[in-house]
Amino acid sequence: MFTLALVPILALLPSVAAHGFVTKVVIDGKAYSGNVPNAQPSDSPIRQIADIGPVKGASNPDLNCGLSAQLATQVAPANPGSNLQFFWGNPGGSNWPHNTGPLMTYMAACDTTTCDKFNGSSAKWFKIDQIGRKSDGGDWYQQDVMNGSPVAVTLPTEVAPGDYLVRHEIIALHLAVSLGGAEFYPSCTQIRVGGSQSGTPNQTVSFPGAYNDNDPGIYDPNVYDTNAPYAFPGPPVSNLASPADMANPNGGDQSSSSASPATTTTSSRGPKGTSTSSGSAAQPTQSSSSDSTVCRLQKRDASLARRSSLAQHKRRTSFMRALRDAIRHS
Ligand SMILES: *[C@@H]1O[C@H](CO)[C@@H](O)[C@H](O)[C@H]1NC(C)=O
Ligand SMILES: *[C@@H]1O[C@H](CO)[C@@H](O)[C@H](O)[C@H]1NC(C)=O
Ligand SMILES: [Cu+2]
């Protein structure tokens, strides 16, 4: 009771201690290190950002690829259906500090040039994955990132060959009960897709442009209410997304674009398809910063709320899944 009473106070403290960046991307088992923000860069396919802090504001130009993102020197080989794992952390080696909000991934063709020369501000992005809360409880998948797990994403199996930026993004919503409180953490990785497929996206967006500060999934007074469905910002998941990434088990996406058979390959989905943390028992590894204290308390808060809503939540989720399957297979 004592610690729960502290939550509103701690939430008011500036939490500058620990944000984070993409420390590593693993593509089909091959690891590529990200450059520490603002440090002397070395070769990488991950665009370096200037700071571990968030991008604030949906119309901020840095929403494109992160704070003052620089072109990266490498373009990493990949293929349709490749498995990508995004590792988030801190320059000091500690884990990602937040646990509330969605994880989303976009791609954009680098068009007329190779990706190491392509300015993403003109990129036409399509969404290939989005995950929010887990189907089996109130925790967000972002909790797994806080616990040290990577985010696993499968490239579209039909995507045409060529150079692409992969824009992987965490939106941290722990302060999103206030307008403008959302923290955006986009990161861009340059890849070269092989193969001979011919798929193209049916719909693309720009960054900035795709989000509005008033979007329900960005300004979200109900973000700590596990009963409230979450509305992902941005476009629906593209027609091109891999079937393995269509398994959005939860999150309240109102479209049928995230429909999936319940049997979708969960084993390869890492933090998305498997419950690497069972929720209330796990604790973040950091111990000293006020930021992680806030996160820990909010997590406790969320797991209390979850218990009361779990049964209802499960019923609704399985109903929605069945409905989506029916639509998808009709
Ligand atoms: C892209 O172009 C914008 C506008 O000219 C510029 O501010 C930004 O630094 C460029 N980004 C890269 C990665 O070159
Ligand atoms: C593109 O495809 C997705 C997934 O099937 C769908 O949800 C979306 O509405 C489509 N967009 C357009 C503009 O047709
Ligand atoms: Cu932060």
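**Entry 1: Arg-167**

I began with Arg-167, which sits in strand β8, residues 162-172. Strands here are DSSP runs of E with at least two residues, helices are runs of H or I with at least four, and both are numbered from the N terminus. A note on the source: this is a predicted model, where local features need pLDDT of at least 70, side-chain atom pairs count only at pLDDT 80 or more, and totals for chains, interfaces and linings use all residues. Residues are numbered from 1 along each chain as its sequence is written, chains are lettered from A and ligands numbered from 1 in the order in which they are written, and side-chain values use heavy atoms, with hydrogens and water left out.

Is Arg-167 buried or exposed? I found it buried, because its relative accessibility is 0%. Buried means under 20% relative accessible area, exposed means over 50%, and partly exposed lies in between, with a 1.4 Å probe and protein chains only.

Next I looked at what Arg-167 reaches. Its side chain comes to 2.7 Å from the backbone oxygen of Leu-63. I then listed the contacts of Arg-167, leaving aside neighbours within four places in sequence; among them are Leu-63, Asn-64, Trp-125, Pro-186 and Phe-207. Contact means heavy atoms within 4.5 Å.

**Entry 2: the copper ion**

Which residues coordinate the copper ion (ligand 3)? I noted His-19 (ND1), His-98 (NE2), Glu-183 (OE) and Tyr-185 (OH), at 1.9 to 2.7 Å. Donors are N, O and S atoms within 2.8 Å of the metal, or 3.2 Å for Na, K and Ca; water is not among the atoms, so sites may look incomplete. Along the chain, the donors of the copper ion (ligand 3) are spaced H-x78-H-x84-E-x1-Y.

The angles among the four donor atoms of the copper ion (ligand 3) run from 57 to 159 degrees, and the site is irregular. Four donors count as tetrahedral if all angles lie between 85 and 135 degrees; four count as square planar and six as octahedral if opposite donors are over 155 degrees apart and all others between 65 and 115; anything else is irregular.

**Entry 3: Glu-183 and Tyr-185**

Glu-183 is in strand β9. Glu-183 counts as buried because its relative accessible area is 4%. Tyr-185 is buried as well, at 3% relative accessibility. A polar contact of 2.5 Å joins the side chains of Glu-183 and Tyr-185. A polar contact is a pair of N or O atoms within 3.5 Å; within protein, one must be able to donate a hydrogen and the other to accept it, and residues adjacent in sequence count only if both atoms are side-chain atoms.

Beyond neighbours within four places, Glu-183 has contacts including His-19, His-98, Ile-170 and His-174. Glu-183 and Gly-53 are 130 residues apart along the chain, yet their C-alpha atoms are separated by 8.5 Å.

**Entry 4: cavities**

How many cavities of 30 Å³ or more are there? I counted two. A cavity is a set of points on a 1 Å grid over the protein atoms alone, where a 1.4 Å probe fits but cannot get out; lining residues have an atom within 4 Å of a point. Grid points are joined across faces, edges and corners, and a volume is the space filled by probe spheres set on the points.

The largest cavity has a volume of about 130 Å³. It is lined by 19 residues, and the closest to its centre are Phe-21, Val-22, Ile-49, Pro-186 and Ser-187. Strands β1 (21-27) and β9 (183-193) each give two or more residues to this lining. The largest share, four residues, comes from β9.

Most residues other than glycine have a negative phi, and most peptide bonds are trans. I looked for exceptions. A cis peptide bond joins Phe-207 and Pro-208, with omega about -5 degrees. Pro-208 lies in the loop between β9 and α3 (290-329).

Asp-28 has a positive phi, near 45 degrees. Asp-28 is in the loop between β1 and β2 (30-33), and is partly exposed at 48% relative accessible area. Asn-38 also has a positive phi, near 70 degrees. Asn-38 is in the loop between β2 and β3 (76-78), and is exposed at 64%.

**Entry 5: the whole chain**

Last, I stepped back. The protein has three helices and nine strands. Of its 330 residues, 53% count as buried.

Notes: 1 Å grid on protein atoms, 1.4 Å probe; cavity = no way out; pocket = protein on both sides within 12 Å on 5 of 7 lines; lining within 4 Å.
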